[in-house]
Amino acid sequence: PELFSMGCGLAKHRFPAPSESEKRFRAALLIQRWYRRQWARIVVKRNCSWAIFEEIEYAGEQNQQKLYAFFASCLQVLPKNAKFLPSTLNGLEDESNQIEIDETYNGAHLRFPLTLKSLRNVLESFQAKQLLHAKYIVGLIQEAKAILRKQPNINRVSTQATGEITICGDIHGRLDDLLIIFSKNGLPSPTNPYIFNGDFVDRGHHSTEVLVEITKTIF
């Protein structure tokens with residue numbers, strides 16, 4: 001390269017061409033500068049994406065907490081001798097025998113004690129977008145309650161007998177996701193154990209169906 005300096009006269013100076021090592025060093029600096037700039041952009045995008053995800057993830061739970069606080073405040077101002085409170089809050093199981101099934105019901109039918117065939121029928125009815133009658137849901141709750149009362153608060157599981165355990169969580173009331181998990185990993189059974197670790201029914205449109213399917217795994 002040539003450099004022309006200004007003054008009383010015109011002088012021309014010649015600089016030696018950069019060596020190969022200098023070219024490589026300059027190229028390395030440019031690559032390093034570009035890499036750091038791109039990595040900084042990735043970090044900013046990742047932080048923004050995580051912030052948006054947290055807002056969406058916990059928005060439903062915050063709304064549920066507000067709704068719970070609202071109903072709790074309503075119960076505090078209601079008279080303690082209100083006749084409908086015991087029937088609504090505590091007497092649902094006692095009234096299960098009084099629930100009648102009309103002739104238009106086309107969903108699955110259950111008989112207690114439950115069998116594997118009846119449990120599969122419920123799964124197939126959910127896949128066909130059919131509803132399970134309230135009488136059967138209350139019956140499932142009663143059966144599950146009786147079984148859970150006999151079990152300890154903490155259950156130990158091991159892979160020694162089965163070789164593997166499927167850990168499932170964060171269904172959020174999405175029945176299709178649960179059915180896909182069952183399709184890929186098989187239905188829960190003594191030889192195919194599952195661990196359900198929470199967040200089953202919040203925010204989803206099929207929370208009742210998901211809860212019924214998870215409750216069935218107790219039997």
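Mentor: Welcome! Let's begin at H172, found in the loop between β3 (166-168) and α5 (175-185). Helices (H or I, at least four residues) and strands (E, at least two) are DSSP runs, numbered from the N terminus. The model is a predicted one, where local features need pLDDT of at least 70 and side-chain atom pairs count only at pLDDT 80 or more, while totals for chains, interfaces and linings use all residues. Residues are numbered from 1 along each chain as its sequence is written, and side-chain values use heavy atoms, leaving out hydrogens and water.

Trainee: In what order do the elements run?

Mentor: From the N terminus, they go β-β-α-α-α-α-β-α-β-α, giving six helices and four strands.

Trainee: Is H172 buried or exposed?

Mentor: Buried means under 20% relative accessible area, exposed over 50%, and partly exposed in between (1.4 Å probe, protein chains only). H172 has a relative accessible area of 4%, so H172 is buried. In the protein as a whole, 21% of the 219 residues count as buried.

Trainee: Which residues is H172 in contact with?

Mentor: Contact means heavy atoms within 4.5 Å. Apart from neighbours within four places in sequence, H172 touches E57 and a run of residues: D199, F200, V201, D202, R203 and G204. Across the protein, 67% of the contacts with a separation of 6 or more are between residues 24 or more positions apart.

Trainee: What is there to see in the backbone angle phi of H172?

Mentor: Most residues other than glycine have a negative phi. H172 has a positive phi, near 55°. Its contact D199 also has a positive phi, near 55°. D199 belongs to the loop between β4 and α6 and is partly exposed, with a relative accessible area of 33%.

Trainee: Which residues have the most contacts inside the largest nonpolar core?

Mentor: Nonpolar side chains tend to be buried together in soluble globular proteins. A nonpolar core is a set of buried Ala, Val, Leu, Ile, Met, Phe, Trp, Tyr and Cys residues joined through side-chain atoms within 4.5 Å. The largest one here has 22 residues, and L110, V122, L132, L178 and F196 have the most contacts inside it. Two or more core residues come from each of α3 (116-127), α4 (134-149), α5, β4 (194-196) and α6 (207-216). Look at L178: beyond its neighbours within four places, L178 is in contact with C168, I171, F196, V210, E213 and I214.

Trainee: How many aromatic pairs are found?

Mentor: Rings of Phe, Tyr and Trp (its six-membered ring) pair if their centres lie within 6.5 Å; planes under 30 degrees apart are stacked, over 60 edge-to-face, and the rest tilted. The whole structure holds five such pairs. One of them joins Y105 and Y136: a tilted pair, 6.3 Å centre to centre, with 55° between the planes. Y105 lies in the loop between α2 (84-90) and α3, and Y136 in helix α4, so this pair ties together parts 31 residues apart in sequence. Both count as buried, Y105 at 14% relative accessibility and Y136 with a relative accessible area of 8%.

Trainee: Which residues do ring pairs link into a cluster?

Mentor: They are F182, Y194, F196 and F200. You have already met F196 in the core and F200 as a contact of H172.
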